[in-house]
Amino acid sequence: MQRPMSKRRGAALEGSPWTPYVFIFPLVAYLFAILAGPLLQEFWISFTDTSLMRPDAGQFIGLSNYRFIISDPNFHQVLIVTALYTAGSVVFGIGLGLGTALLMNHDFRGRSVARALVTIPWAAPSVAVALIFSWMFNAQYGIFTILQKSLGLASGAENWLDSTTFALPAVLIATVWQIFPFSSVVILAALQGVPSEVKEAAIIDRADRLNVFKTVTWPTIAPTVALISLFTTIWSLRRFDIIWILTGGGPLGATNTLVTELYREGFIYRDLGTAAAIGMIGLLIASVVTLLYYGASRRAEMRARGAA
Amino acid sequence: MKGTSPFVFGVLIVLGLIVFPFYWMLVTATTPPDQLMIETPTLVPSFTRLGVFVEVFSAVPIASWLTNSFIVAAGTTVLCLILSVLPAYALSRFRFRGKAMLALGLFVTQMLPEAMLLVPLYAVFRSLELLDTLTGLIIANAAFGAPIVTWILKGAFDAIPQEVEEAARIDGCSRFDIVMGVALPLVAPTLAATAVIAFFHGWNEYLFAQTFINAADLRPASVGIAGLVGEYAVPIHLVMATGIIYTLPSIVFYLIAQRYVVSGLTAGSVKG
């Protein structure tokens with residue numbers, strides 16, 4: 001038997017103790033079959049030489065796949081690109097999101113329309129986002145190129161997506177454009193929790209805006225910003241469509257992240273074993289990030305409690 | 001603090017950045033092709049050329065792509081809702097051993113890169129003959145959509161007062177009847193919002209479709225359109241028209257359901 005129901009819930013709502021399990025069973029079974037089971041299989045495949053041509057005929061080869069990946073200098077580049085892509089997405093995605101949320105938190109005419117408009121990139125399919133940005137970056141007729149030329153910034157005629165220097169920034173521009181609306185909406189919601197009396201009192205006291213932000217606004221929204229940063233990090237580690245469609249991970253691996261590398265190994269080079277091992281390394285990184293985040297937020301919480 | 005001009009200015013810049021790529025899609029789609037491949041760009045859409053949106057149906061197999069996307073999206077929605085309603089109710093109303101584990105498990109699914117499951121799912125689907133079928137895509141998509149739907153619906157059930165259900169309970173209704181007859185109608189707006197989320201999860205999905213679908217006539221729009229990027233076989237104005245037709249439903253439905261979508265998601269992430 002479980003713990004007794006809280007009194008508020010009352011006897012009328014108590015049913016068979018099996019009811020909750022009956023209710024959750026189909027979903028749990030489904031997630032085991034489609035997510036957890038395959039995940040375990042992925043773990044196994046990463047120790048085999050399974051190929052795409054004969055997925056059932058993999059032989060156990062121990063740690064060979066991992067050894068191959070770790071000693072591969074290309075893979076070191078993959079890790080660096082992944083770190084840069086993730087850091088760029090988090091810094092600019094959250095930064096722009098925070099700025100936009102602070103702007104939208106003011107009263108102005110047409111605010112609700114503005115709020116609705118702000119979120120639409122996030123609703124747009126990534127494939128469409130990649131499509132429009134690839135056209136805007138077009139070397140000859142793309143609006144970015146034309147803009148650069150008219151500002152006299154560059155000799156032009158270079159497609160950012162074909163440049164080992166500019167491909168990653170270009171992919172980041174498209175990515176950030178799509179993701180910052182989400183963080184802005186969530187941060188905006190958190191801003192509603194900032195006690196307005198405290199803020200007004202601080203303004204009457206002639207505290208300057210920056211100070212109000214630091215002492216009143218930021219402490220209220222910090223946990224949300226931290227959580228959104230975690231999500232943005234994890235989502236950047238798993239993002240595939242925008243990168244793959246814009247650059248395919250190129251040129252020369254300049255935008256090749258863990259996920260595009262996984263896809264390339266598994267479904268271009270047809271080496272499912274190596275792809276699986278890359279996947280396991282990706283999962284390890286995502287787990288470490290999540291644990292670090294929980295450790296940090298636990299400590300911040302304890303510090304806040306200690307200060308109170 | 002009433003709308004002082006620097007704020008309005010900032011808002012306009014942000015809105016400009018957000019709207020511009022969509023606007024540029026429209027400009028590109030409606031500009032005569034001979035004026036696109038020159039270095040002085042046309043800057044305004046030409047509304048006399050809206051005929052491209054009809055023309056494109058004969059130039060690109062977009063009708064078949066959209067039909068496939070619709071089937072995948074609708075199937076994903078139905079499967080997500082079937083899988084999610086009862087667990088969401090259970091998470092909201094019952095105390096049971098393993099509840100925290102379930103909540104954690106749902107959260108973990110959001111951390112998993114889809115790409116991680118490509119390899120094993122490819123193997124599983126191959127043996128079940130689900131490769132090259134839309135059913136396979138629906139099954140894979142629902143596994144990622146259902147946890148989000150469950151989480152948002154749980155938040156909606158939390159907001160219903162217990163008393164409403166107690167009356168029905170005293171009348172001898174079973175728990176299942178209460179969920180379907182009493183609780184579910186009360187969360188109808190959220191249910192609609194989750195349906196929109198699940199639908200566009202399926203509509204937008206690219207990775208599984210790209211990997212599992214080989215046959216040209218089974219391609220959904222995401223894969224079809226991705227194939228047009230950087231190709232010059234189809235003129236760019238028609239490519240952009242295709243992109244607009246594919247994007248428009250996502251944005252229109254999102255704007256309609258926006259209030260519920262945003263409140264559901266923010267409730268999940270701020271409080272969750």
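In the predicted model, 93 residues from chain A and 97 residues from chain B take part in the contact between the two chains (contact meaning heavy atoms within 4.5 Å). The model being predicted, local features need pLDDT of at least 70 and side-chain atom pairs count only at pLDDT 80 or more, while totals for chains, interfaces and linings use all residues; side-chain values use heavy atoms, with hydrogens and water left out. Residues are numbered from 1 along each chain as its sequence is written, and chains are lettered from A in the order in which they are written.

Between them, chain A and chain B bury about 8900 Å², of which 76% is on carbon and sulfur atoms (buried area being the accessible area, with a 1.4 Å probe, that two parts lose on being put together, summed over both). Eight residue pairs, both members at pLDDT 80 or more, are in polar contact across this interface (a pair of N or O atoms within 3.5 Å; within protein, one must be able to donate a hydrogen and the other to accept it, and residues adjacent in sequence count only if both atoms are side-chain atoms). On the side of chain A that touches chain B, helix 1 (residues 19–45) of chain A supplies the largest share, 17 residues (helices being DSSP runs of H or I, at least four residues, numbered from the N terminus). That side of chain A has 68 nonpolar, 14 polar and 11 charged residues (Ala, Val, Leu, Ile, Met, Phe, Trp, Tyr, Cys and Pro count as nonpolar, Asp, Glu, Lys and Arg as charged, and the others, Gly among them, as polar).

Over all chains, the count comes to three salt bridges (a side-chain nitrogen of Lys or Arg within 4 Å of a carboxyl oxygen of Asp or Glu). Glu114(B) lies in helix 5 (residues 114–127) of chain B and Arg238(A) in helix 10 (residues 209–238) of chain A, so this pair joins two chains. The closest N and O atoms of the Glu114(B)–Arg238(A) salt bridge are 2.9 Å apart, and the count between chain A and chain B is one.

Within chain B, Arg93(B) forms a salt bridge with Glu165(B), with the closest N and O atoms 2.7 Å apart. This pair links distant parts of the chain, 72 residues apart, with Arg93(B) in helix 3 (residues 62–93) and Glu165(B) in helix 7 (residues 162–170). Arg93(B) is buried at a relative accessible area of 4%, and Glu165(B) is buried at 0%. Asp158(B) forms a salt bridge with Lys154(B), the closest N and O atoms lying 2.8 Å apart. Asp158(B) and Lys154(B) are four residues apart in helix 6 (residues 134–158) of chain B, and are therefore separated by about one helical turn. Asp158(B) is partly exposed, at 39% relative accessibility.

How values were computed:
Buried < 20%, exposed > 50% of the residue type's maximum accessible area, 1.4 Å probe, protein only.
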